[in-house]
Amino acid sequence: MICNVVVALEDDIRCLKGIKAAFADPQGRLESWTFDTTSVGLICKLSGVQCWNSAEDRLISVALPTIELSGQIPDSLQYCASLYILDLADNKISGTIPPKLCTWLPYLTTLDLSGNQLSGSIPANLANCTYLNKLRLSSNLLSGHIPYELASLPRLVDFTVANNDLSGPIPFNSSSFSRDAFDGNNGLCGGPLGSRCDQPFAGCEKNDGLCRLMVYSAVVLGFIVGFWGLFFVLLIKKEKWWFGYWSFVDTVALGFIVRFRDVKDIVASGCVRGFWGLSFVSRNAVHNYEKDDLRVFVLGKYKMQK
């Protein structure tokens, strides 16, 4: 038991030392963080630090908001495994949110990184902090999408990503959070914002040429596979399917024309030109018959089909 307490204390001290070393501290608020002794209760007396109780050096909270800290979030946080609250709001912290943050700190209930200069994407790994009640990432430089995994956090009641550069659909339903939690992100859609996400590039970041190329490629590939795949199958198997298929196309096209009765207007408008572009019989009819003859041809063929 004593051995476990000593190891835990050493880990917490290692964590706090890493935090102090990672951040520039122009106000000198971390100068009081000294680790000359390892007596019980030492770290619990440090500025911005709280422990479970005075008799046990187990960190529960590191809260250092609004003291002009600058630098990047350190990986020494992996040694603060018992931490419940991490509040670094309204500083000048830059870099990215560590992807393993919630692997290091799985018991977090509050994570407040708002009002900094963090960039990059929001890690989907934040969903591993399953006890999160509060997640504030507003007023940073974050880009990309809001991970869908965050919508699975069962206890999340305070969430904001306002005033970033996020894009794509909001994974939360319209009643989960107010629109204020998402304002200031021109690329976001859906959810409480009420805007639709049906634009073809809704999921692409601004100026993301690769994303747009992938969308175009998907559309072209879908057309090739969907239409031309069927066309070549019919071509190869024409002894069984070819004539039956094109007969069906003719029937549909001719039925459409007869229903509207005015062949001249239909042909001129090109409404069924797509059918004739694929049908040998109808295509020859369009090119080889005068309009009056075409009416006779169409009506006669339609009667034959009946």
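Predicted model: local features only at pLDDT ≥ 70, side-chain atom pairs only at ≥ 80, totals over all residues.
Colleague: Where should I start with the nonpolar core, and which residues have the most contacts inside it?

Modeller: Start with the largest one, which has 56 residues. Leu16, Ile146, Leu150, Phe159 and Phe182 have the most contacts inside this core.

Colleague: Which helices and strands supply at least two residues of this core each?

Modeller: Helix H1 (2–22) and helix H2 (101–104) do, as do strand S2 (49–53) and strand S3 (56–63). H1 gives the most, with 5 residues.

Colleague: Take Leu150 as a case. What is Leu150 in contact with, leaving aside its neighbours within four places in sequence?

Modeller: The contacts of Leu150 beyond those neighbours are Ile122, Leu126, Ala127, Leu135, Leu156, Phe159 and Phe172. Phe159 is also listed with Leu150 among the residues with the most contacts inside the core.

Colleague: Now the charged pairs. How many salt bridges are there?

Modeller: The general idea is that side chains of opposite charge can pair when their charged atoms come close. In this model the count comes to 3 salt bridges. One of them is between Asp12 and Arg58, with the closest N and O atoms 3.2 Å apart.

Colleague: Is Asp12 buried or exposed?

Modeller: Asp12 counts as buried because its relative accessibility is 0%. Arg58 has a relative accessibility of 19%, and because the cut-off for buried is under 20%, Arg58 counts as buried too.

Colleague: Which residue does Asp158 meet in a salt bridge?

Modeller: Asp158 meets Arg136, at 2.7 Å from N to O. Asp158 is partly exposed, with a relative accessible area of 21%, and Arg136 is partly exposed at 29%.

Colleague: What remains among the salt bridges?

Modeller: The side chains of Asp183 and Arg179 also meet in one, at 3.7 Å from N to O. Asp183 is partly exposed at 29%, and Arg179 is partly exposed at 42%.

Colleague: How many disulfides does the structure hold?

Modeller: In general, a disulfide is a covalent bond between the sulfur atoms of two cysteines. This structure holds 4 disulfides. One of them joins Cys15 to Cys80, with an S to S distance of 1.7 Å.

Colleague: What parts of the chain does the pair of Cys15 and Cys80 link?

Modeller: Cys15 is in helix H1, and Cys80 is in the loop between strand S4 (70–72) and strand S5 (85–87), 65 residues apart. Cys15 is buried at 0% relative accessible area, and Cys80 counts as buried at 0%.

Colleague: What does the torsion about the S-S bond of Cys15 and Cys80 tell me?

Modeller: That torsion is about -105 degrees, so the disulfide is left-handed. Cys44 and Cys51 form a disulfide with their sulfur atoms 2.1 Å apart. The torsion there is about -105 degrees, so that disulfide is left-handed. Cys51 is buried, with a relative accessible area of 13%.

Colleague: Is the link of Cys189 and Cys197 left-handed or right-handed?

Modeller: With 120 degrees about the S-S bond, the link is right-handed. The S to S distance between Cys189 and Cys197 is 2.0 Å. Cys189 counts as buried at 4% relative accessibility, whereas Cys197 counts as partly exposed at 31%.

Conventions
Residues numbered from 1 in each chain as written. Heavy atoms only, no water. Core = buried A, V, L, I, M, F, W, Y, C linked by side-chain atoms within 4.5 Å. Buried < 20%, exposed > 50% of the residue type's maximum accessible area, 1.4 Å probe, protein only. Helix = DSSP H or I, 4+ residues; strand = E, 2+ residues; numbered from the N terminus. Contact = heavy atoms within 4.5 Å. Salt bridge = Lys/Arg side-chain N within 4 Å of Asp/Glu carboxyl O. Disulfide = S-S within 2.5 Å.
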